[in-house]
Amino acid sequence: MIINKSRKGAITSILVDFWMYLVFVLVVIVFYLIFSAMSKDVADKQITGLETKAKAYTNLLNYLKTPVIVDGKETDIAGLIRLWHNEPDKYKELLEKTSIGILNDMEYDYDNPIKGTGNRLVRGFYISINSEKKENGGLYPLLEFQSKCCESGFTVRDESGVGLIAAEQFVPVSEDKYLYVVMMERAKAK
Amino acid sequence: MKSKKGAFPFNIMVVVALTALLIYAWIQLDSKYNGTFERYLGEKQYDLIKTYQKGEQVLFYIDQSAKYSLEQSVYDLAKSGGISEIEVSDAETFAGHECGKFNDAYVWYQIGKQGDAYAPKNCFDENSAKDNLGYLFNNNLNKYLLSYPIDIPTNNYRYEFKNNLEIIGLAALPININIFKKEVPEDFSTATRDVKPKPLDIKQLDKDTTKPSEGFRDFTGTDLCAKGSQCVLKEDAFQQLVKAQDAAVKKGISIEVYSAYRSSERQQALWNGDTPERYAQRYPDPAVRVKYVCNPAGREIKCPHLSGDVVDIRLKGKTTGTMSSADWNSLYSIMTSADSNNQPLWVKYSNEPWHFECCNTPRYARAIQQGVTSIV
């Protein structure tokens, strides 16, 4: 910054500017360090798996909207659930078979996101159909199915968490009754 | 700045000011979060995603419900021979199907005797079948929507019929889902509305209400308003209603409004057939239509619901269909209880046990003048 045209004044001005810039940079560094230390705690409280949580709802809706032929007519899984609710004996087998088939098709492999593990995981899906949503969050399924990877054995707890509800949907079955359908996602080491 | 003498203190001042500013920011942030951040990073974004998902959930439910409602409506309409009666009318004279029923079936064609001659009468216009279907469809859809855990406005769609059985519903009111409002009850808890009698929580109103205009009170979504209904009253009428609810609580019951203030635009839309009831399409003759719906332009005294001093009301947990005569009597006794001036809170319109008026309506004034609590 040239503030004086005389040579003597110019040297003083440069010195002043130099010290001011130096102090300014030091102040910025000090506050950067302070705020970095403060934000360390914040970074630990970050919600993870946002993308997975958002995708779970799409997965559940896709499952419920999957077309299926019932009694020679096309409907969707939500429609089949309604038919099963009205006539359980007639439609239970078809609902189970179709649902498990869809859930198996939805399974996919991916790298274990936990550092240092380096293995592959299989993402599996679980569906439960409940008569109502309980206030305590507990599930009391009328019917449940899961994809083949999670039929039995150990599942890995990941960002969705085993046993946590990833997505939920109310499916109408009559004018005064709906069913509460829940999807969970699970990971299993390959 | 032209002199070097001024440059030095200026730069010092800049640094001091900046340092002070940063220290102030630090203190503010530190005091705001009490040294630690309680909220999770991404929490607001997650709330937004969840809200979007709730919207998608509701839309899926409505889509499915509409599909089933249409199937049911086609069945119902076929069973009733293409005719559907409007069960509840806001007009002063309720009228059913003009030729009535024979052996529980609506009459299509009637031959009456006039003197020595026989006069045939065609009672069914085939062109009205589509509108009758729309009416039944709307009623069935309302039942589905009312059973959903959160409030979805009922009678909220304007239907367009395309091709044969394609119905497009255009919503008039949006579905409200709270974002970031943790203090407002979660939608699922409000869904299981408490039938247990309790005085109205005024705090609930302070949080959730908006005034359509000065002097009006919107209590939609509260315990005093039926699920799926829009409830707006003038402030005075609302206070009378709260008193009536207090009287109901003393008797161990609770009341709920399912129709209140109607704007003149809404009433005009009802008359013009721009609502799910499709009055104009089903009753093109205004002389017949006026038996079902109040004509806002055709009266010296305006339609009662336009005043903001009128309610259609029932006991909580009941429908107009399930209200017994004992229930209607209880409701009448509660609504007409005396206030501190020994005047009835509300007066009943004699032809409709659910219709009560108060405050500044001509009917209320006439009732007070005559010293009665039920009046035509």
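Me: How do you know that strand 4 (residues 117-122) of chain B lies largely in the open?

Reply: In this predicted model, a residue is called buried if 20 or more other C-beta atoms lie within 10 Å of its own. Of the six residues of strand 4 of chain B, the number that is buried is zero, so the strand lies largely in the open.

Me: Is C359(B) buried or exposed, and how do you know?

Reply: The cut-off for buried is 20 or more neighbours, and C359(B), with 20 C-beta neighbours inside 10 Å, therefore counts as buried. C359(B) also has a positive phi, of about 65 degrees, although it is not a glycine, and its place is in the loop between strand 12 and helix 11 of chain B.

Me: What makes one face of helix 11 (residues 362-370) of chain B the buried one?

Reply: In helix 11 of chain B, R363(B), Y364(B) and A367(B) are buried. Seen down the axis of helix 11 of chain B, these buried residues fall within an arc of 100 degrees, so they line one face of the helix. The face turned away from the buried side carries the exposed residues P362(B) and Q369(B). What covers the buried residues of the helix includes strand 11, strand 12 and strand 13 of chain B, and just after the helix G371(B) takes a positive phi of about 70 degrees.

Me: Why are strand 9 (255-259) and strand 13 (374-375) of chain B said to stand at the edges?

Reply: Five strands of chain B form an open sheet in the order 9-10-12-11-13, with mixed pairing. Strand 9 and strand 13 of chain B each have a single partner strand, so one side of each is left without a neighbour in the sheet. Strand 9 of chain B is joined by four bridges to strand 10 (residues 310-315) of chain B, and these two run antiparallel. There, S259(B) stands opposite D312(B) in strand 10 of chain B. Helix 10 (residues 325-335) of chain B packs on the sheet, touching strand 9, strand 10, strand 11 (347-349) and strand 12 (355-357) of chain B, and its direction makes about 130 degrees with that of strand 10 of chain B.

Me: Which strands of chain A pair with strand 4 of chain A, and how do you know?

Reply: The requirement is again at least two bridges. Strand 3 (residues 108-111) of chain A is joined to strand 4 of chain A by four bridges, strand 7 of chain A by 10 bridges, and strand 5 (residues 141-146) of chain A by five bridges, so each of these counts as a pairing. Examples include D109(A), which stands opposite V122(A) in strand 4 of chain A, and Y126(A), which stands opposite Q146(A) in strand 5 of chain A.

Me: Which residues of the largest nonpolar core touch the most other members?

Reply: That core has 45 residues, and I81(A), I127(A), V171(A), L179(A) and M183(A) touch the most other members. The largest share of the core, seven residues, comes from helix 3 of chain B.

Definitions and conventions: Residues numbered from 1 in each chain as written. Chains lettered and ligands numbered in written order. Predicted model: local features only at pLDDT ≥ 70, side-chain atom pairs only at ≥ 80, totals over all residues. Contact = placed C-beta atoms within 7 Å. Axes fitted to C-alpha atoms, helices over the stretch in contact; angles between N-to-C directions. Core = buried A, V, L, I, M, F, W, Y, C linked by C-beta atoms within 7 Å. Buried ≥ 20, exposed ≤ 12 C-beta atoms within 10 Å, placed from the backbone. Arc of directions from axis to C-beta.
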